[in-house]
Amino acid sequence: MPDLLIELFSEEIPARMQAGAREALRQRVTDGLVEAGLSYAHARAWSTPRRLVLAIEGLSARSPDLKEERKGPRVDAPEKALDGFLRSTGLTKDQLQARDDKKGQVWIAVIEKPGRDAAEIVAEVLEATIRNFPWPKSMRWGTGSLRWVRPLQSILCLLTTEAGAEVVPLEIDGIRAGDMTRGHRFMAPEPVRVTGFEDYAVKLKRANVMLDQDERAEQIWHDATNAAFAQGLEVVEDKGLLTEVAGLVEWPVVLMGAIGEAFLDLPPEVLQTSMKEHQKFFSVKDPKTGRIVRFVTVANRETADNGETILKGNGKVLSARLSDAAFFWGNDLAVAKAGMEEWRQALTHVTFQSALGSQADRIGRIAALAREIAPLVGADPDLAEQAAKVAKLDLASQMVYEFPELQGLMGRYYAEAAGLPAEVAEACALHYKPLGPSDEVPTAPVSVAVALADKMDTLTGFWAIDEKPTGSKDPFALRRAALGVIRLVLTGTIRMPLTEVSAWALSRLTETGKGTAADLLSFLHDRLKVHLRDQGIRHDVIDACLAMPGNDDLTLLVKRAGALQAVLGTEDGENLVQGFKRANNILTQAEEKDGVEYSFGADRKFADDPAEDALFDALDVAEAAIGPAMEAEDFAAAMAAMAALRAPIDAFFEAVQVNSDNEIIRRNRLNLLHRIRTTCGRVADLTRIDG
Amino acid sequence: MSDGKPRSFQEIILRLQTYWASKGCAILQPYDMEVGAGTFHPATTLRSLGTRPWAAAYVQPSRRPTDGRYGENPNRMQHYYQYQVLIKPSPPDLQELYLGSLAAIGIDFDYHDIRFVEDDWESPTLGAWGLGWEVWCDGMEVSQFTYFQQVGGHDCHPVSGELTYGLERLAMYVLGIDHVMDMPFNDPDAPIALKYGDVFRQTEEEYSRWNFDVADTDKLLHFFEAAEAECARILDQPTEDPRSGKRIIMVHPAYDQCIKASHFFNLLDARGVISVTERQAYIGRVRALAKRCADAFVETKAGGWTGDAPAAAN
C-alpha cells in the first residue's frame, strides 16, 4: 500500500483562506481517488503561508479491474439498432456475445475496464483539483492562464512504497511535479529533496518550517502566556487572531514589547483594536488594573540579536499608529466636549439608505420612537429621546471612521466627555445590542428604549421600502434586528403592542410602501418561532398561542406558550387535548351537517346522565376560574382549570352518545360541546396542537 | 552600488534606481502632473494594458490632500514620494527580485522580519484591481506588491507585477528616523546638509491650509467638469488626423484630463464638500474616463494594436 504526499508550494497564501483550502484539498483529492476506484486508510492536510500539504496513507496501488455487461438489441433486430449499440459500447460485432433471453436471443456486450495504476489516477485527480480549486479569490500571473490564490511555484507529488519513492508524472501549465521542496524563506531557503511524508516532516522542521498549523498556534499561545506570566500579566485571549497569526508564519517566534507611556491613557478598546487590526498584535493586560500595558507580536524567524531589532521596529510602528489614534481621540474629545454639534451636522450629509434618507433623518426617527417606547419599558421619555439623539453621533467621529467596530463604545466615551447623564452614555454603548442569539441583552430602561427604537426603525424602514429578506439574502440584517427586538422584549418582560408601535413608525416614514404592520408582525412571529424552538418550545404550542388575540404582545404570547407547554406535559393536559378535539370534531361535523351554530347555551334540565350533569358542574367551575385567571394573565391557573375538565369530558364521552335519537337531547349535548370549545378557546387554540 | 547602510533619503532612492536598472528596468522620470499615487503614471496604468512587454521603474511624487497634517505628523503628509516598478509579464522570481531591492537599501534579513500579508488592491477610480500583499518589515508596511488582474475594466493579459514603495516611510525605517521632517535628505556630512523638513515643512503647511480651508470649491468643481468634458472630447475625435493623414488616437492627452479630474476630486474631498453618496458618483465619473482611455489605448501600437487586426470604430 503506497503513501501519497502532495505539496502545493506557492507565494504567500492569505491566512484567512488556509483552513478552507486545507479542507478543500483533502476533500477533493480523496473524493476523486475514491471515485476512480482507489481506497485509502487515512488522509490529513496541513498549511503554512507558503504551502498546502496533503498526506494520504495506505492508498491502493491500483484500481480494480471492472467488468460490465450490457444488454443490446435482439439478434434479429434491424441493422440500425445494432449499429447504435456498437457505437455506444465501442465494440465490433464479432466482440458481442449472443445469449438467450426471455424474448429470444439478444446481443450482450462484455466491456472490460482494466484497473489503472494509482500514479495515473493521482495525476488526473490532482490536476483537476488544482484547476478547479475553490479559492474565494484567485488570480493569474505572468503569461499563464492557470488560476491559483497567488502564483503557484512548485508541486511535490510522491507515491512512496517500501521499494522507494516515485514522482507522480504530472505537469500543469509548465509546472512539473517533483520531489523537491524548500524550507523557510529566509532561514533555510535551499531546495530539499524528500522521499515521503516522514522524511518531509523531519526535513521541514530542520529547515525551520513547522508544518502543523495547530502546533504553531499552540506554541504561540504557550510562549505568549509564559512571557506575560513572567511579568505578572495576562494575554487577552483572541482565538481568531491566534489562528490568523499562526497562518502568517512558518517559524513562530513570540516577542513581547512595551506600549509607550503616552498611550496608556487611550481607552483599552482603542489600544486593543488598533494593535489587532493594524499590527496583528495580542494585547497584554495587567490583571490588577485591567489596563493594556504590553503587546505580543509573532515574528517569522529567529535572529542573531534575539528579536531585538524586530521588536524595536514593531514598537515604532505601534507608536506611529497610536499617535494617529491619540490624534483622533483628542480631536473627537474636543468635538464631544463642545456638544457634538459638528457630528450632528456631518450626519445630515451621510446617507443611511437612499430611500430612507440621511443618518440624521434616521436618528430623528429613532429619537421619536424611543420617546414613544420609553413608557413601555419604564424609561424616562426625555432621557430616552436624548440618548437616541446622541447614540449614533460617534459614526461621524474620526475614531469610528478609522475603526468601525468601535461604534457605540466610542459613543459612550464621548457622551461621558460631553457630560451627559450616565444612562445616556450607557445607551450609546449598548443600543446596538443584542447583535446575535448569544450576545448580551441590555436591561437598563433607557438603553432598552433606544435599542428597541433603533431596531424597530430599521425593520419598519426597510419594510416600508419593500426590502425584506428573501431566502438566504438579508443584506440589511433584518432577521438579526427582529431577533434583537424579540430578545429585548422577552428579557425585559416588556409589554409592547408591536402592531401599534410598527404602525406608528410606518406612518411617520415619508416613503410608505407595501409593507404593513401586520406583515411585519408575521415576520417577527416567524423569527419568534425559530427563537422559541431553540428554547425547546414546541412549534404547535406556539401556533396554538399565536392564534389567540393580543399576539403582538410577545411577552404575553410567550407566557401563554410556556404555560400551555407545561400543562401539555401533564397527563390531564395531554388527554384534555384528545377530549377537546373529540368534542370539537363532533360539533364541527354536526354544525356543517345541520348548517347551524350550536351556541344557544346548553340547558341542564335536558341532561339525562350523571356524567352529563357532572360535565355541567365542571364547566361551571372551569369558567368561573378561567375568567378571572385570564383577566390576571395567570395562564398557569387558567390552564390548570382547563386541564381539570379532562376527567369529566372523558367520563361524558364514556357514558353518553352525543348524537342521540332524541333531537332535543342531541341539540342540548351539541350546545354543551360548544361550551367546551368556548371555554378552552379562551385559553389557547387547542385545534393547533398535534396528535 | 555602495555597501552598508544608506545615510540619506536620496541615497535610498538612488540605490533603488541603480538596483532596478541593474535588473533591466527602464528608469523613467516622474510624470509631470499631480497624481494620488504612482499607479496613475501612464507608465503603469496604460502600459499594464495590452500584450507588449514592459519593464519600468520611477519615482512618482504623489498628492493626497486629505492626508495633510501641516507637517506636524511624524509620517503623514499631503505630498510624498512613491517608488514604482512595473514589469509585464510578471517574472516568476518577482518576490526574490523585490527582496533583493530591500537588501540593496541596507535591510539585513538576518535581523529583520519580512512578511507578505494579504492585501487585495483596488482602485475604484481606475477601474483596476489585483491581488498581492502588503510587505511588512518588522510590522511596518514598506511596500505594496500586486499582480494586476484588471485595469480600466480590461483583463490584464499578460499580468503585470507592480511594486510600490512608500519612500518616506521606508527610508525613515532604514535610517532610524522618528519624524519625517528630521530625515536627512542629502548626505548629513554634505557642506549644505538638508533635512526633509528643510525641503518640505513649509510646503506641507501651505498646502494643508489651502487644501483644507482655502481652495475655491466652485472653481474646483468647474475644473473637474471641464477636465471630464475635455477627456471625452479628445476621445471623440476621429482616429485619422486630418493634418497628417496618420492614424493618431490621442490617448495620453485624454488620460491627462482623467488624471486632472481625479486630482480635482481629491481636492474637493479634502474640502469636505462631497457627501458619501456623491462620492461614489464622482468616483464613477473618473472611472468612466479611465475606462475610455484604456479602451482607446489598446487600439494604439503601444497598447498592442498591430494594424492587422480591425480597429474598433472611433
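In the predicted model, strand β7 (residues 140-151) of chain B and strand β9 (residues 161-166) of chain B run antiparallel and are joined by 5 bridges. Within this pairing, B:T146 stands opposite B:E162 of β9(B). Strand β9(B) is also joined to strand β3 (residues 79-88) of chain B, through 6 bridges and again in an antiparallel arrangement. Here B:T164 of β9(B) is the bridge partner of B:Q84. Strand β9(B) is mostly covered, with 6 of its 6 residues buried. The cover extends to both faces of the strand: B:G161, B:L163 and B:Y165 are buried on one side, and B:E162, B:T164 and B:G166 are buried on the other.

A helix pair was also examined in chain B. Helix α1 (residues 9-22) and helix α4 (residues 167-175), both of chain B, pack with their axes 9 Å apart and at an angle of about 110 degrees. Because angles of 65 to 115 degrees count as roughly perpendicular, α1(B) is roughly perpendicular to α4(B). On the side of α1(B), the contact is made by B:F9, B:I12 and B:I13, and on the side of α4(B) by B:L167, B:A171 and B:V174. By class, the residues of this contact comprise 6 nonpolar, no polar and no charged.

The domain assignment of chain B gives domain 1 (9-210) and domain 2 (216-297). The C-alpha centres of these two domains of chain B lie 25 Å apart. Contact between the domains involves 21 residues of domain 1 of chain B and 19 residues of domain 2 of chain B. The side of domain 1 that touches domain 2 in chain B has 10 nonpolar, 8 polar and 3 charged residues.

Between the chains, 30 residues of chain B are in contact with 32 residues of chain A. On the side of chain B that touches chain A, the elements giving two or more residues are β4 (114-118), β6, β7 and α8 (276-297) of chain B. Strand β4(B) provides the largest share of this side, namely 4 residues. The residues of chain B that touch chain A divide by class into 16 nonpolar, 8 polar and 6 charged.

One residue of strand β6 (residues 128-137) of chain B, B:W133, was considered individually. B:W133 counts as buried because 23 C-beta neighbours lie inside 10 Å, the cut-off for burial being 20 or more. Leaving aside residues up to four places away in sequence, B:W133 touches A:E12 of chain A, together with B:F116, B:V117, B:E118, B:D119 and B:F145 of chain B. From C-alpha to C-alpha, B:W133 and B:D218 are 39 Å apart in space, with a separation of 85 residues in sequence.

Chain A contains an open sheet of 5 strands in the order β2-β3-β1-β7-β8, with antiparallel pairing. Strands β2 (42-48) and β8 (164-167) of chain A form the edges of the sheet, each pairing on one side only. From one strand to the next, the twist averages 15 degrees. Within chain A, strand β1 (residues 3-10) and strand β3 (residues 51-57) run antiparallel and are joined by 6 bridges. In that pairing, A:R51 of β3(A) is the bridge partner of A:F9.

Terms used: Residues are numbered from 1 along each chain as its sequence is written. Chains are lettered from A and ligands numbered from 1 in the order in which they are written. This is a predicted model: local features need pLDDT of at least 70, side-chain atom pairs count only at pLDDT 80 or more; totals for chains, interfaces and linings use all residues. Axes are lines fitted to C-alpha atoms, for helices over the stretch in contact, and angles run from 0 to 180 degrees between N-to-C directions. Angles under 35 degrees count as roughly parallel, over 145 as roughly antiparallel, 65 to 115 as roughly perpendicular and the rest as oblique. Two residues are in contact if their C-beta atoms, placed from the backbone, lie within 7 Å. Ala, Val, Leu, Ile, Met, Phe, Trp, Tyr, Cys and Pro count as nonpolar, Asp, Glu, Lys and Arg as charged, and the others, Gly among them, as polar. A residue is buried if 20 or more other C-beta atoms lie within 10 Å of its own, exposed if 12 or fewer, and partly exposed in between; C-beta atoms are placed from the backbone. Two strands pair if DSSP finds at least two bridges between them. Domain bounds come from an automatic or database domain assignment.
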